[in-house]
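Me: Hi! Could you walk me through this one with me? I'll ask as we go.

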Amino acid sequence: MTGASGFVGGAVCRALAAQGVTTYAFGRRPSTPEAHVGGALYRSWDLTRGPVPDAPRVDAVVHCAGSATDWGPARMIFAANLTGTRNALAAFPDARFVHVSTASVYDPFRPSVMAREDEAPVSRYMNAYGASKAAAERLALDRGAIVLRPHAVYGPGDTTLLPRVLSAVRGPLLPAVGTGRQRISLTSVGNLVQACLLAAAGPVASGVFNIADAAPVVIDDAFREILRERRIEARPVYIPAAVARPLAAAAEGAFLLARRPEPPRITRYAISHLAVERTLDIEAARTALGFDPHATTFAGAAGW
């Protein structure tokens, strides 16, 4: 298990421990002799520096490690996502390899309408994140790996989706982009964990699979459910994408000139995932992996 100290990796470790599976957990955070993650013995490993020394013999690797940021120096993002994947593959050359990728490998410049797996990778990307994840996919597939493509992962321990939504609230309003009626595929961490376990131990040894909740949702409905569960008295208001894109481009340029490490509140990448339809066809995962996802829900989000 790589990326074991992260949101998805930690959830996979806990699920494996619950099934009594012997698990080796690797992450960037410093380790101590008694450190455990979800019942798995934890070891510190920076994948960007090379294969782990004395790698254990394992049946399968679930590779969750990498950078999920859509803002920052390209060399650092490629080091985490491409070099890290190369080193993970080198460390475990004989194991089944499950590579957790992203739906950001689909074309960011046009809507994804029930996108199928053969529609990516593409020849152009908006930032280093999409490009690096596409390059890592190619590397993993050359080794005969299983590639999973979730979109907008959420759930207990979420460090990206829910915090971004909540940080955008301004008094009684949640500013958003688009019309609010665009459909989007979301992926609960529980559904992604299910897919990882099926890929690691199922009959299919290679291939690419979209992973998402049972059906797409309307983004306005998702925003309102999040706010309701968190008991936040606010309502979404929508800025047309045609207005937001040039504002985001100007903000990005200003932040780059000022060399600010944090992203602007709105980026063209974020707009590309929220202002147009981003839905995934998950039939291949249902059929080949036996994937049986539950519907999107934010029930209990007050405690996340």
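Me: Which helix and strand each supply at least two residues of the lining of the second largest pocket?
Reply: Those are β4 (60-63) and α5 (189-201). Helices (H or I, at least four residues) and strands (E, at least two) are DSSP runs, numbered from the N terminus. This is a predicted model, where local features need pLDDT of at least 70, side-chain atom pairs count only at pLDDT 80 or more, and totals for chains, interfaces and linings use all residues. Residues are numbered from 1 along each chain as its sequence is written, and side-chain values use heavy atoms, with hydrogens and water left out.

Me: What volume does the second largest pocket have?
Reply: About 400 Å³. On a 1 Å grid over the protein atoms alone, a pocket is an open set of points where a 1.4 Å probe fits, with protein on both sides within 12 Å along at least five of seven lines; lining residues have an atom within 4 Å of a point.

Me: Now the largest nonpolar core: how many residues?
Reply: It has 45 residues, and Val12, Val62, Leu148, Phe209 and Ile211 have the most contacts inside it. The largest share, 8 residues, comes from α5. A nonpolar core is a set of buried Ala, Val, Leu, Ile, Met, Phe, Trp, Tyr and Cys residues joined through side-chain atoms within 4.5 Å; buried means under 20% relative accessible area, exposed over 50%, partly exposed in between (1.4 Å probe, protein chains only).

Me: And what does phenylalanine 209 contact, beyond four places in sequence?
Reply: Its contacts (heavy atoms within 4.5 Å) include Glu117, Ile146, Leu148, Arg149, Ala284 and Leu289.

Me: Switching topic: is serine 132 buried or exposed?
Reply: Serine 132 is buried, at a relative accessible area of 0%. It belongs to helix α3 (residues 128-142). Its side chain makes a polar contact of 3.0 Å with that of asparagine 81; such a contact is a pair of N or O atoms within 3.5 Å, where one must be able to donate a hydrogen and the other to accept it, and residues adjacent in sequence count only if both atoms are side-chain atoms.

Me: Where is the cis peptide bond?
Reply: Between alanine 120 and proline 121, with omega about 0°. Proline 121 sits in the loop between β6 (112-115) and α3.

Me: What about the phi of arginine 231?
Reply: Arginine 231 has a positive phi of about 55°, though it is not a glycine. At 69% relative accessibility, arginine 231 is exposed.

Key
Points joined across faces, edges and corners; volume = space filled by probe spheres on them.
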